[in-house]
Amino acid sequence: MDARCCYRDDHWHMTGMGRTREPNMVDRDRLLRTFTDFVRIDSPSGEEGAMADVLSARLTALGFTVARDAYGNVIATEPGDSPLLLSAHMDTVEPGRGVRPLIDGDIIHTDGSTILGGDCKAGLAVIIEALESLQQDGASRRPVEIALTREEEVGLVGARNLDFGMLRAREAIVFDGEGSVSRVTTGSPTYLSFDLEITGRAAHAGAEPEKGISAIQIAAEMIVQMRLGRLDENTTFNVGIIEGGSVRNAVPEHARLKGETRSHSPEALERVRAYLLNIVQDTRNRWTEARIDCDIHEEFTGYRLNETAGILARVTQTLSTLGMTPELALSGGGTDGNVFQTRGIESAVVGAAMHDAHTVRESVRITELEQGARFCRALLEV
């Protein structure tokens, strides 16, 4: 076959003896290298320094002014009006050290001894590839700001401590969702955590149990009164941790319950809060010699995007232009987008090609990774 006649394979073609890349496309091989390089860098929550160094160098090479705020979040800026904020987080959950990515056809996974780290290094790789491909083609694009956060996995801590004074953007895309980039989060619930500390009275369990007040028994009676799981289509309630006692042969003096409730409905959430406090007070009334402390804290605030205007409309239009069908859905979880929303930055969370996140079965689909980079590029390109 005459090499000059060429053959085409997706967006690559042969000319003479060289393999060239067509303009207006992302570089699949470079994207794959970037992602696999990223997941090999250990960055469990609180230990993101090495990852931040690599990302800072890549963004500096792209012409951004790169800095870290007082909390260690990486922030990249450039001149220009109405910038779009791109965001993903740098940390991963455990077991996430010594990750060795394996490629099996279209799937990237591990040997099952660690997570992969697609959450959220797939999002980081998508952002970097979109920007590098635009720079390589000399393509015009809208101004960009970038916020890459620490400690997202332990409660959106990096975003909570982000120096928003370093940013001007009023719209953001957060690459931190499951599955294809076409899966778009239109809203997130408000999340309340609760901690119940129960103090009874210790006693010898065999010699004089009558003198004791079992904190574990009190905790058990409270849980029996609680309705756990899905309360309605918008609301969930869960007790995730029970701790108590010290030794087998003592009436336990201390116990702790840790749980959560989430809802897309503020009214439903208030009803659940009142329901929990009623259980606490009822238990106090029955166990007057025990002490029950209840702490309820809002971990993040929910939001709902307008599906016909703003950032969500631009996202769906861009997806449609690329031939992808937008899949709009409410989320039951939270992301840095929740924090951005409360700071006046309208944020759409999109899929970042990851599947089974937070498990050793985690995987990333290469075709979806490429779709994410193509989407990010198309959203920026003028």
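Let me begin with Ile296, which is found in strand β18, residues 291–300; helices (H or I, at least four residues) and strands (E, at least two) are DSSP runs, numbered from the N terminus. Ile296 is partly exposed, with a relative accessible area of 22%. On this scale buried means under 20% relative accessible area, exposed over 50%, and partly exposed in between, with a 1.4 Å probe and protein chains only.

A word on the source. This is a predicted model, in which local features need pLDDT of at least 70 and side-chain atom pairs count only at pLDDT 80 or more, while totals for chains, interfaces and linings use all residues. Residues are numbered from 1 along each chain as its sequence is written, and side-chain values use heavy atoms, with hydrogens and water left out.

Returning to Ile296, its contacts (heavy atoms within 4.5 Å), leaving aside neighbours within four places in sequence, are Leu192, Ser193, Phe194, Arg273, Leu276 and Leu277. Thr261 is 35 residues away along the chain, and the C-alpha atoms of Ile296 and Thr261 are separated by 10.0 Å.

Which strands form the open sheet that includes β18? There are five, in the order β14-β15-β17-β12-β18, with antiparallel pairing. Strands β14 (229–232) and β18 stand at the edges, each with a single partner strand, so one side of each is left without a neighbour in the sheet. From one strand to the next, the twist averages 20°; here axes are lines fitted to C-alpha atoms, for helices over the stretch in contact, and angles run from 0 to 180 degrees between N-to-C directions.

Strands β14 and β15 (residues 235–244) pair in the antiparallel sense over three bridges; two strands pair if DSSP finds at least two bridges between them. Within this pair, Arg230 has Thr236 of β15 as its bridge partner.

Two helices accompany the sheet. Helix α5 (residues 215–225) packs on it, touching β12 (190–199), β15, β17 (254–263) and β18, and its direction makes about 20° with that of β17. Helix α6 (residues 266–286) lies across β12, β14, β15, β17 and β18, and runs at about 165° to β18.

I turn now to a pair of helices. Helix α2 (residues 49–61) and helix α3 (residues 118–137) pack at an angle of about 15°, with their axes 10 Å apart. They are therefore roughly parallel to each other, a term for angles under 35 degrees, with over 145 counted as roughly antiparallel, 65 to 115 as roughly perpendicular and the rest as oblique. On the α2 side the contact is made by Met51, Leu55, Arg58, Leu59 and Ala61, and on the α3 side by Lys121, Leu124, Ile128, Leu131, Glu132 and Gln135.

Helix α3 also holds Gly118. Is this residue buried or exposed? Gly118 is buried, with a relative accessible area of 0%. Not counting residues up to four places away in sequence, Gly118 touches Phe35, Gly123, Met354, Glu362 and Val364.

Another buried residue is Glu151, with a relative accessible area of 14%. Glu151 sits in the loop between β9 (144–149) and α4 (157–160).

Finally, the whole protein. There are nine helices and 22 strands, and of the 382 residues, 50% count as buried. The C-alpha trace spans about 95 × 45 × 40 Å along its principal axes. Among contacts between residues at least 6 apart in sequence, 77% join residues at least 24 apart.
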